[in-house]
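Q: I have just opened this structure and would like to learn how to read it. Could you take me through some features, one at a time?

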Amino acid sequence: MIAELVGPDDPRWRGLLETAAHDVYHLPGYGPLYERAPEVREMALHVRGEAAELLLPLMIRPLPDLGVPSLSGWRDATSPYGYPGPVVQGAFRPDELERLQGCVRDLLREHRILTCFVRGNPLLAGGDALLEQLGAVVQHGENAVVDLDRSDDEIWNGFSGLNHRQIRRAERRGYTVQIDDWSHLPIFCQLYEETMRRVGATQFYFFDTDYFTRLKDLLNGRLHLVSAVSSGGELAGADLVTLCGGVVNGHLNATSSAHLRESPCRLTHDATWRWAKKNGARIVNWGGGYGGKDDSLFAFKKSFATSTRRFRTARVVGDPRLYEEACASAGANGGDLAGYFPAYRH
């Protein structure tokens, strides 16, 4: 079994994506949309067994200045924002699975990478099942999903009564839904920033216009805009969703304050699963609550779901001794891998 770090231009990266089930989060170029610092490098962990391959996109960052001379030149790694869990083609032998974690740790030490934080993908069962072979696994909560193999009536009847009433009221008041009318994108960008300010989002979630342009160019037909338009022709709200390999992910959402009482996002959520089903998708993933919590955001998403999927992360420590030094210098508890990871960045 061979483990390597490969760059975004390495043919093995795109080559594996051509044959294995994956999502938009695995595309080379996706990670840099969210890591703006120039010193952060986009790489991928690539592991080849006798009859299997694994690919895991990573963003590799310099360590913060912890005042520890032995950490000079060391870095750490994190998987990109979203659900970029391992992509797997084929099946690793049992003995290869037993060696996988050690093989990955050896590679991390070789490249002076202290830790690796891995976000799973609950809809890629093969890769998600390998998280335990990579490191310590933590379950964060559930994702709300719509299983599109059910009948339209079964899906609709599974939604909350409040959703039914709000959607019907919006339709009576003349709100309509448009799919992929990209003339709405500039207004969506404004409404998105307005929405983030209204909900008190952290700075990470504030994206400039260039981000949306780059995202649309990168995804190249995999990004879709589901817009709710008022009877007066105003953009009331919209869902920005992705479609890749039969999976639709709710990516970003925006609602105009002027139309907030009409809850146009309920209209776009309903239209999204109907559009997804017509376009051959098998599932819609609305995601979870803030930080995976069972909160009001998750309750809203779950009111548009037929089932849930668990979301997990894995934490890999390349050098346990140096990790303890880093955490001690930061005044953090390095022994608790289930908490904030890596602890020295808390």
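Q: Let's start with Asn 220: is this residue buried or exposed?
A: The idea is to look at relative accessibility, where a value over 50% counts as exposed. Asn 220 has 61% relative accessibility, so it counts as exposed. Keep in mind that this is a predicted model. As for its place in the chain, Asn 220 sits in the loop between helix H8 (209–219) and strand E9 (223–229).

Q: How far apart in space are Asn 220 and Ala 330?
A: Their C-alpha atoms are 42 Å apart, with a separation of 110 residues in sequence.

Q: Now for the inside. Which residues touch the most other members of the largest nonpolar core?
A: First, the general idea: in soluble globular proteins, nonpolar side chains tend to be buried together. In this model the largest nonpolar core has 36 residues, and Phe 188, Phe 212 and Leu 215 are the ones touching the most other members. Two or more residues come from each of these elements: helix H1 (11–17), helix H7 (185–199), H8, E9, strand E10 (235–244) and strand E11 (247–255). H7 gives the largest share, six residues.

Q: What is Phe 188 in contact with, leaving aside neighbours within four places in sequence?
A: Its partners are Phe 212, Leu 225, Leu 235, Ala 238, Leu 240, Leu 252, Asn 253 and Ala 254. There is also a second, separate core of 26 residues, with Ala 144, Val 226, Ala 271 and Ala 305 among them.

Q: How many aromatic pairs does the structure hold?
A: It holds 24. To read a pair, check the distance between ring centres and the angle between ring planes, with over 60 degrees counting as edge-to-face. Phe 188 and Phe 212 make an edge-to-face pair, 5.8 Å centre to centre and with 85° between the planes. This pair links distant parts of the chain, since Phe 188 is in helix H7 and Phe 212 is in helix H8, 24 residues apart. Phe 188 is buried at a relative accessible area of 0%, and Phe 212 is buried at 2%.

Phe 212 also forms an edge-to-face pair with Tyr 192, at 5.8 Å centre to centre and 75° between the planes. Here too distant parts of the chain are linked: Tyr 192 belongs to helix H7 and Phe 212 to helix H8, 20 residues apart. Both Tyr 192 and Phe 212 are buried.

Q: Finally, at what angle do helix H6 and helix H9 pack?
A: Two packed helices are described by the angle between their axes and the distance between the axes. For helix H6 (residues 161–172) and helix H9 (residues 264–278), the angle is about 100° and the axes are 9 Å apart. They are therefore roughly perpendicular to each other. On the H6 side the contact is made by Leu 162, Asn 163, Gln 166, Ile 167, Ala 170 and Glu 171, and on the H9 side by Arg 266, Leu 267 and Asp 270. Sorted by class, this contact has four nonpolar, two polar and three charged residues.

Notes
Residues numbered from 1 in each chain as written. Predicted model: local features only at pLDDT ≥ 70, side-chain atom pairs only at ≥ 80, totals over all residues. Heavy atoms only, no water. Helix = DSSP H or I, 4+ residues; strand = E, 2+ residues; numbered from the N terminus. Buried < 20%, exposed > 50% of the residue type's maximum accessible area, 1.4 Å probe, protein only. Core = buried A, V, L, I, M, F, W, Y, C linked by side-chain atoms within 4.5 Å. Contact = heavy atoms within 4.5 Å. Axes fitted to C-alpha atoms, helices over the stretch in contact; angles between N-to-C directions. Parallel < 35°, antiparallel > 145°, perpendicular 65-115°, else oblique. Nonpolar A, V, L, I, M, F, W, Y, C, P; charged D, E, K, R; others polar. Phe/Tyr/Trp six-rings, centres within 6.5 Å; stacked < 30°, edge-to-face > 60°.
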